[in-house]
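Trainee: I would like to learn how to read a model like this one. Where do we start?

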Amino acid sequence: MPSLLFCGPKMAACGIVISIWGVIMLAMLGIFFTAKSAVLIEDVPFNEDDIRKDQNPPSNIYNLYNQVGINCFIAAGIYVAVGAVSLCQVRLNKRQEYMVT
């Protein structure tokens with residue numbers, strides 16, 4: 001029977017720790033981008049043409065803020081998936097320790 005085990009216990013534990021940190025950080029960034037924090041204006045991808053073409057200049061910038069916030073939430077979801085895979089690997093490694101070959 002093929003094993004789904006593809007990483008060791010230390011790498012799996014590291015994956016869990018990094019995933020937890022990534023979920024917390026990206027979820028907070030997503031919240032702050034969605035709240036349109038002025039501190040994060042440098043991370044919003046816009047140029048002067050975006051402001052000049054828009055009749056109501058803040059609306060285009062606010063839409064860009066929301067898009068970056070959604071991207072942060074998507075990345076946090078990917079970190080949740082990586083954490084789940086790492087957790088499965090930790091459990092498979094623990095099961096491997098108790099198996100007699």
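**Reading the loop, core and surface**

Mentor: With a relative accessible area of 31%, Phe-46 is partly exposed. Buried means under 20% relative accessible area, exposed over 50%, and partly exposed in between (1.4 Å probe, protein chains only). Phe-46 sits in the loop between α1 and α2. Its C-alpha atom is separated by 7.7 Å from that of Leu-64, 18 residues apart along the chain. Helices are DSSP runs of H or I with at least four residues, strands are E runs of at least two, and both are numbered from the N terminus.

Trainee: What should I know about the model itself?

Mentor: This is a predicted model: local features need pLDDT of at least 70, side-chain atom pairs count only at pLDDT 80 or more, and totals for chains, interfaces and linings use all residues. Residues are numbered from 1 along each chain as its sequence is written, and side-chain values use heavy atoms, with hydrogens and water left out.

Trainee: Which residues make up the largest nonpolar core?

Mentor: A nonpolar core is a set of buried Ala, Val, Leu, Ile, Met, Phe, Trp, Tyr and Cys residues joined through side-chain atoms within 4.5 Å. Here the largest one has 10 residues: Leu-26, Phe-33, Leu-40, Val-44, Ile-61, Leu-64, Tyr-65, Val-68, Cys-72 and Ala-76. The largest share, six residues, comes from α3.

Trainee: How many aromatic pairs are there?

Mentor: Rings of Phe, Tyr and Trp (its six-membered ring) pair if their centres lie within 6.5 Å; planes under 30 degrees apart count as stacked, over 60 as edge-to-face and the rest as tilted. The count comes to one aromatic pair. Phe-33 and Tyr-65 have ring centres 6.1 Å apart and planes at 50°, so the pair is tilted. Phe-33 lies in helix α1 and Tyr-65 in helix α3, so the pair ties together parts 32 residues apart in sequence. Both Phe-33 and Tyr-65 are buried.

Trainee: Which ring does Lys-36 lie over?

Mentor: A charge sits over a ring if NZ of Lys or CZ of Arg is within 6 Å of the ring centre and within 35 degrees of the ring normal. Lys-36 lies over the face of Tyr-62, at 5.6 Å from the ring centre. Lys-36 is in the loop between α1 and α2 (48-53). Phi of Lys-36 is near 60°, a positive value in a residue other than glycine.

Trainee: Why does Phe-73 count as partly exposed?

Mentor: Because its relative accessibility is 38%. Phe-73 is in helix α3 (residues 57-98).
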